[in-house]
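Open the model in your viewer and keep the sequence beside it. The stops below go from one selection to the next.

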Amino acid sequence: AGGGALAQGLTHVMDCIDEQQWELSKLSRHQREVGRNQQQSQQWLADRRALNAQRRANGEEPLSEEIPAEFTAQEPNNVEGLLLANQMHGYCEALQSLAAQSIVKSCILSGRT
């Protein structure tokens, strides 16, 4: 019975690891998007400043230099990752307890103390 519970616990841990890897890939994708957005926003700002310099030289009112919202990436929700980590921690503690009980039983059965 202990071996089946250990195998099931390990399966749960491996499932959590797979899900955690998916969460990490989403975070990595977000970080790349943020980098791209920063480059694009810096280019947009440089272009806008050049245009405003030209507008001032022509006696026109300069345009806003506030970075548009399209260049900001929404922060990813990390709650799922935290829940997975907590769930994995619980599975690991249960596995540790099961393994300790199995070792004690094995020692008792073999006559070692």
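How many aromatic pairs does the structure hold? This predicted model holds one. Select Trp44 and Phe71: their rings form a tilted pair, 6.4 Å from centre to centre, with 50° between the planes. The pair links distant parts of the chain, 27 residues apart. Trp44 belongs to helix H1, while Phe71 sits in the loop between H1 and helix H2 (79–110). Colour both by accessibility and Trp44 comes out as buried, as does Phe71.

Next, select Trp22 together with Arg29. Arg29 lies over the face of Trp22, at 5.6 Å from the ring centre.

Go on to Arg55, in helix H1 (residues 2–57). Which residues does Arg55 contact, leaving aside its neighbours within four places in sequence? Show Glu60, Glu61, Pro62 and Leu63: Arg55 is in contact with each of these.

Last, select the cysteines. How many disulfides are there? The count is zero. Cys16 is buried, at 3% relative accessible area. Finish on Cys107, which counts as partly exposed, with a relative accessibility of 27%.

Key
Residues are numbered from 1 along each chain as its sequence is written. This is a predicted model: local features need pLDDT of at least 70, side-chain atom pairs count only at pLDDT 80 or more; totals for chains, interfaces and linings use all residues. Side-chain values use heavy atoms; hydrogens and water are left out. Helices (H or I, at least four residues) and strands (E, at least two) are DSSP runs, numbered from the N terminus. Contact means heavy atoms within 4.5 Å. A disulfide is a pair of cysteine sulfur atoms within 2.5 Å. Buried means under 20% relative accessible area, exposed over 50%, partly exposed in between (1.4 Å probe, protein chains only). Rings of Phe, Tyr and Trp (its six-membered ring) pair if their centres lie within 6.5 Å; planes under 30 degrees apart count as stacked, over 60 as edge-to-face and the rest as tilted. A charge sits over a ring if NZ of Lys or CZ of Arg is within 6 Å of the ring centre and within 35 degrees of the ring normal.
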